Each structure stands twice: as structure tokens, then as C-alpha cells.
Amino acid sequence: MQFFPFIVVGWILGIGLYGIVTSRHLIHQIVCLIVVQSSTYVLLLGVGYVTGAVAPYFYDVPVRTPAVDPVVQALALTDVVVEAAVTALLLSFAIQAHKRFGTLDPQELASLKG
Amino acid sequence: MTPTQRRWVFLAGVAGLVAFYLWGLLGLPGFGNYPGPYGFVINRVAVAQTNATGVVSAVNFDYRGFDTVGEEFILFAAAAGVATVLRRLRGERERPAVDEAADRNVPPTSGAVRMVALLFTGPLVVVGWWLASHAQANPSGGFQGGVILATTFILIYLSGEFLVFKRFSPVDLTDAVEAVGAAGFAAVGVSAVAMGLPYLQDFLPLGTVPGAVSSSGTIALISFFVGLEVAAAFTLIVGELLEQTLLIRQGDG
Amino acid sequence: MTAAVVTPYTVPVGMMDALQITILVLVAAGATAVVLVRDRVRQVVVLSVYGILLAVLFLAFQAPDVTLSELTVGAVALPIVLLLALAKVRKKEE
């Protein structure tokens, strides 16, 4: 339990990278990129966790209660929403590439010129 | 390079990556044994200093507000990028936005779907608004509330036609709302500078009840602007993609 | 600082550990499934399920804010955007 979440993070990262490298379709590559991004969210939250603590919201628990780290949660929170918009931008690039070259295979797209 | 060669090169690379990752993993203090003092310090002083019981939102909009300005402008730039990349190119023709299904046998949206979707529209707007304006008390904030507000418009499209969606969210209005959101956030920071304080310092008077809307200074205001901007950005992105799928055609055929 | 705290919401540490290990295994399996699915539209649906699993994992890590974000974005907004792009690309291929 000491290192199990980080091993899962490594596994998700590895399998996402495998999907990106051996993909034959641009949209599949973008979905694997989403998976790789999600591994970083798990890593961020795993680093800030305190055993036996509560969420850092002191609406109904006294202020001195031990709580998990709020800074990494703030990072992960804005991260999730912003990377969805960046994924939409990547998808629009894929659409225009398909319109221009007629194919969505990254290995064929690499050999096109101009 | 054939795919099999590519796979072997990838496996060699990822073996090196895994080795370094495991070596770095051994230096971590383990899951749950959080050593650093920063988290504990923030938890201790945030409620007293900002009168916000939601410490994550206080960190997002007050302690690390400058990072949030940067992230929000990433969102702004991504929405502008989608609108730019998906513009009408030379050689494309935009079909007029009238009823295009006259020659296709499209089944109309069933009455049940339509009723459920329209029933949910009102509560979704209320929930999104509530989430966007109560960042300082609950696990909510501008980002989540904004996305929920954007899904309201998507629900309108799903329950009816694309034309109804266009009528409810014209591009000019959505652009203007997004600009107001982004500029409002930056303006709150600049008005702090105009008063002689550092950028994005909390300058509104803090109230007495921790966690109420009016008692956390600029956090509620910033969260409201962020909600506007995120909602408009996502509606813009989905609207652009819908236009691409439904209206734009290739050539003169 | 790491002593177990007693509030109306806490559960025993062992139970929380078991929950986290289960969800972590499910998330790893979900990621593998997302990468290895062949059909494009099915991949989007599996991505949506993966987003919900991730949201439960974030909840087990005591982060309700990130849960809400991941639920709205990963299970609603991302699949819609992906499906629209797929529809546009498919229409050309026919």
C-alpha cells in the first residue's frame, strides 16, 4: 500500500504511451493522450494524501482537523477542465488534416509532404 | 521503419523510462505519509485569513490566483484556436442553416427524450449558477459550474435541433460573454494593483461569517467570472464542432 | 499529524485502504480497456466509463472538487466533443 498507487500511475502512463506509439488512427491517439493525462491527476492526488485525514473543507469540522493537501487538489482541478479544451483543439487539427489529406493514419501522414 | 521495429524501439525506451521511474519512486515518502509543511500550514491559516471554508478554492483564487489566471487564458486561447482552425476554408461551401432533413428519412426526436431534456434545463442552470458562485464554502467553483452551464446548451441541442441550439447561443453573444469573463478576472487583479496592492490581492472587505458568499472578498467575484468564461468557451467549442459536422460541405456538390 | 481523526464522516483506515486498492485496480483495468478497444465509437463509451471510475477514485482520495470536475468533463464534455469529431470524419469516409 505504500507504493501501490504510484505503480498504478506508472502502468497507466506506460499503456497510454503504448497506445500512442502503435496507433493507426489519429482519434485513437488523442484518446490515449487523454489516458496519459489522467495518470498525472492520480499522481498529483496520491502525493498529497494523508492517511486518516479528511477533505480540506472546514464547513462542518473544526479547523484543527488533519486534512489532505489542498494545493495539489487546486492544481488537479484546473488541470482537468483546461486539458479538455486543449483536447478539443487537437481534435480540430485532426479534422482539418483529414479534410486536407484524406487519411487519418499517422504513419501515412508522416510521409506526406506539404 | 516497420511497425514491428517501431514496437521494439518503443519497448526499449519504455524499459529505460520504467527503470528511472522506479528509482525515483523509492525516494518518495510513501503513500499517505505526507511530510511537507506547506499543506498543513495552509490548512491551518486559510480560514482565518480569507474567511473561506473551502481551502481548495481559497488556494485557487487567492493564494495561487496568478496560476489560475494563466490556466484560464489557456482555456481562452484553446477556444479561440478551435474557432480559428475550423473556419471555412477555400473550396468549402457552407450550407444555409435551414431544415436540411427534407430529403433524408430522419426519425424525429422522441417525445420522452425531448421532455426529459427540457425538464432538466432549468435545474441545470440553477445548479451551475449555484456551484459557480459558492466556491468559498463547498467543493465547487467557477470551473465546475461553468462546465455544467455549458452542458445546458448541449442538452438543448440533444433535445431538439441544431437550429434551436444556434438560436439560444449565437456566436457573437457567446464570444462577448467569454471575453467579459476573461477580462473580468484580469480586471479584478488590475484593480488591486491600482489600489497599490500586489496583483490579485484580496481587497474587498472580509465579512464575519466564514463561508458565506459575501464574506470572502474577491474569491466569489473571481469564481463568478471564471464560471462565465468556462461556460462560454465550452459552448463555443461544441458549437463550432456542430457546425463543422452539420453545415460545412466540401466543394460545390 | 497523521493520527486517525474522529469526525462524523471517517471510516476505519483499513476499510479506506481496501476501497482505494480496489478502485486503483479497476482504474488500471479501465485504462487498459480504453487503449485496446478497436471500434472507435465503443472507445468513446469506454472512455466515459473510465472517467466515472476516475471520479470515484478521486473521491476515495478525499478530493471532492476534483471529483466534480472529472465527472462533468470526463463523462460529459469530452465524449461529446469526441463523438462530434468522429461524426465529421466518418461522413467523409463513406
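**Exercise 1. Helix 1 of chain C**

*Solution.* Residues are numbered from 1 along each chain as its sequence is written, while chains are lettered from A and ligands numbered from 1 in the order in which they are written.

Step 1. Helices (H or I, at least four residues) and strands (E, at least two) are DSSP runs, numbered from the N terminus. The expected span of a helix is 1.5 Å times one less than its number of residues.

Step 2. Find the buried residues. Buried means 20 or more other C-beta atoms within 10 Å of a residue's own; exposed means 12 or fewer, and partly exposed lies in between, with C-beta atoms placed from the backbone. In helix 1 of chain C the buried residues are C:Gln20, C:Ile23, C:Leu24, C:Val27, C:Gly30, C:Ala31, C:Val34 and C:Val35.

Step 3. Look at what they meet. These residues pack against helix 1 (4–21) and helix 2 of chain A, together with helix 2 of chain C. An α-helix has 3.6 residues a turn, so residues three or four places apart point the same way.

**Exercise 2. Chains B and C compared**

List the elements and the buried share of chain B and of chain C.

*Solution.* Step 1. Chain B holds nine helices and two strands. Its order along the sequence is α-α-α-α-β-α-α-α-α-α-β.

Step 1. Chain C holds three helices and zero strands, in the order α-α-α.

Step 2. Of the 253 residues in chain B, 37% are buried. Of the 94 residues in chain C, 45% are buried.

**Exercise 3. Helix 2 of chain B**

Where does helix 2 of chain B bend, and by about how much?

*Solution.* Step 1. Check the span. The 14 residues of helix 2 (residues 37–50) of chain B should span 20 Å at 1.5 Å a residue, and the end C-alpha atoms are 20 Å apart, which agrees.

Step 1. Locate the bend. Helix 2 of chain B bends by about 35° at B:Arg44. The bend at a residue is the angle between axes fitted to the seven residues ending there and the seven starting there.

Step 2. Pick out the buried positions. They are B:Gly39, B:Ile42, B:Asn43, B:Ala46 and B:Thr50. Their cover includes helix 3 (70–101) of chain A, plus helix 3 (55–63) and helix 9 (218–246) of chain B.

Step 3. Look just past the end. B:Asn51 has a positive phi of about 55°.

**Exercise 4. The contacts of chain B**

How many residues of chain B are in contact with chain A, and which helix of chain B gives the most?

*Solution.* Step 1. Define contact: two residues whose C-beta atoms, placed from the backbone, lie within 7 Å.

Step 1. Count. 44 residues of chain B are in contact with 40 residues of chain A. Helix 4 of chain B gives the most to the side of chain B that touches chain A, with nine residues.

Step 2. Sort by class. That side of chain B has 29 nonpolar, eleven polar and four charged residues. Here Ala, Val, Leu, Ile, Met, Phe, Trp, Tyr, Cys and Pro count as nonpolar, Asp, Glu, Lys and Arg as charged, and the others, Gly among them, as polar.

Step 3. Turn to chain C. Its contact with chain B takes 16 residues from chain C and 19 residues from chain B. The chain C side divides into eleven nonpolar, three polar and two charged residues.

**Exercise 5. The core**

Which residues does C:Val81 touch, not counting residues up to four places away in sequence?

*Solution.* Step 1. A nonpolar core is a set of buried Ala, Val, Leu, Ile, Met, Phe, Trp, Tyr and Cys residues joined through C-beta atoms within 7 Å. The largest has 120 residues.

Step 1. C:Val81 is among those with the most contacts inside it, along with A:Leu45, B:Ala233, B:Ile237 and C:Ala85.

Step 2. C:Val81 touches A:Ala88, A:Leu91, B:Ile237, B:Val238 and B:Leu241.

**Exercise 6. Confidence**

Where is confidence lowest in chain B?

*Solution.* pLDDT is the predictor's confidence in each residue, from 0 to 100. In chain B, confidence is lowest in strand 2 (residues 248–250), at a mean of 63, and highest in helix 4, at 90. Where pLDDT is low, the predicted coordinates should not be read in detail. The complex has an ipTM of 0.90 and a pTM of 0.89 from the predictor.

Conventions. This is a predicted model: local features need pLDDT of at least 70, side-chain atom pairs count only at pLDDT 80 or more; totals for chains, interfaces and linings use all residues.
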